[in-house]
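Follow the charged pairs through this structure, then turn to its nonpolar surface. Keep the chain in view as you read.

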Amino acid sequence: MDIFAVIGLFFGMGMILTGQAMEGGNLGQLLQITAAFIVLGGTTGAIILSFPAPILKLAISMLKNVFFPPNTDFQGLIKEIGGFATKARKEGIIALEKEAQNASDSLLSLGLGAVADGTDPSLVRSMMENQLEQLEAQVASAAKVYESFGGYSPTLGIIGAVMGLIQVMQNLSDPSKLGAGIAVAFVATIYGLFAANLVMIPLGTRMKFIYQNVFLYKNMIIEGVLSIQAGESPVLIERKLYSFLLDAGPEGNQANG
């Protein structure tokens, strides 16, 4: 688990509630079911209208990666590719056909299998880059869902505020109903801004940052597979792959991004 993602979420909420308490408020003042229906329900409807079902399902499935990032063991990958390179040198490229089935990553399996089949290097690169581009597009689409939620929710908060004020204006003759209307008006605005700036937009931003490591990992796979196909030495391949890392070299402490 990425503990900083959890800390960030709860720290922000905690500071807001602490600030409210310091002003003499309490949690109950922010619990307005009507405002929640207007803002969260309305924004959810806008999101469902904006994106097709497959993208929505993808966004939900990728949400877990914000708190449980995909494994990117760079050191392990370099050693694995170095092992494949050594085997290819000793036993020939065709020996990678069986090894491909046990590779740690689907892109690595695809590349090694294509190399073992004698596929042209340009086609191997094209196949692997196409798969990477699809992943990049999926991440961008999933992040866009959360960013769009953050874009819509403040506007829905304003709608909720206007609706609350309409109720206030219609009940000016009945003071007992004024409080509820005013509460909905102001709390709806808070819900919209809260959902946008403390939850949804940060989720989309963090999702894109999390997958930067994954994209680097995949690019290292592409370079490693093509280097094996080119017949480069295992030592040279490992050095080339370490050059992708900021803290380069076998002692580099970037095993888990």
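This predicted model holds seven salt bridges. Side chains of opposite charge can pair when their charged atoms come close.

Start with lysine 218 and aspartate 105. Their side chains meet in a salt bridge, 2.9 Å from N to O. The pair links distant parts of the chain, 113 residues apart. Lysine 218 sits in helix H9 (residues 178–229). Aspartate 105 lies in the loop between helix H6 (96–100) and helix H7 (106–116). Buried or exposed? Lysine 218 has 12% relative accessibility, so it counts as buried. Aspartate 105, at 11%, also counts as buried.

Lysine 240 is partly exposed at 23% relative accessibility. Glutamate 223 is partly exposed at 22%.Within helix H8 (residues 121–170), glutamate 129 and arginine 125 lie four residues apart, about one turn of the helix. Their closest N and O atoms are 3.3 Å apart in a salt bridge. Glutamate 129 is partly exposed, with a relative accessible area of 30%. Arginine 125 is partly exposed at 35%. Elsewhere, Lys87, Glu91 and Glu99 are linked in a network of salt bridges.

Now the nonpolar surface. Met1, Ile3, Phe4, Ile7, Phe11, Met15 and Phe68 form a patch there, with about 800 Å² of accessible area together. Phenylalanine 11 belongs to helix H1 (residues 3–22). Its relative accessible area is 53%, so phenylalanine 11 is exposed.

Definitions and conventions. Residues are numbered from 1 along each chain as its sequence is written. This is a predicted model: local features need pLDDT of at least 70, side-chain atom pairs count only at pLDDT 80 or more; totals for chains, interfaces and linings use all residues. Side-chain values use heavy atoms; hydrogens and water are left out. Patches are made of residues with over 30% relative accessible area and no salt bridge: like charges are joined within 9 Å, nonpolar side chains (Val, Leu, Ile, Met, Phe, Trp, Tyr) within 5 Å. Accessible areas come from the Shrake-Rupley method with a 1.4 Å probe; for residues, only the protein chains shown count as cover. A salt bridge is a side-chain nitrogen of Lys or Arg within 4 Å of a carboxyl oxygen of Asp or Glu. Helices (H or I, at least four residues) and strands (E, at least two) are DSSP runs, numbered from the N terminus. Buried means under 20% relative accessible area, exposed over 50%, partly exposed in between (1.4 Å probe, protein chains only).
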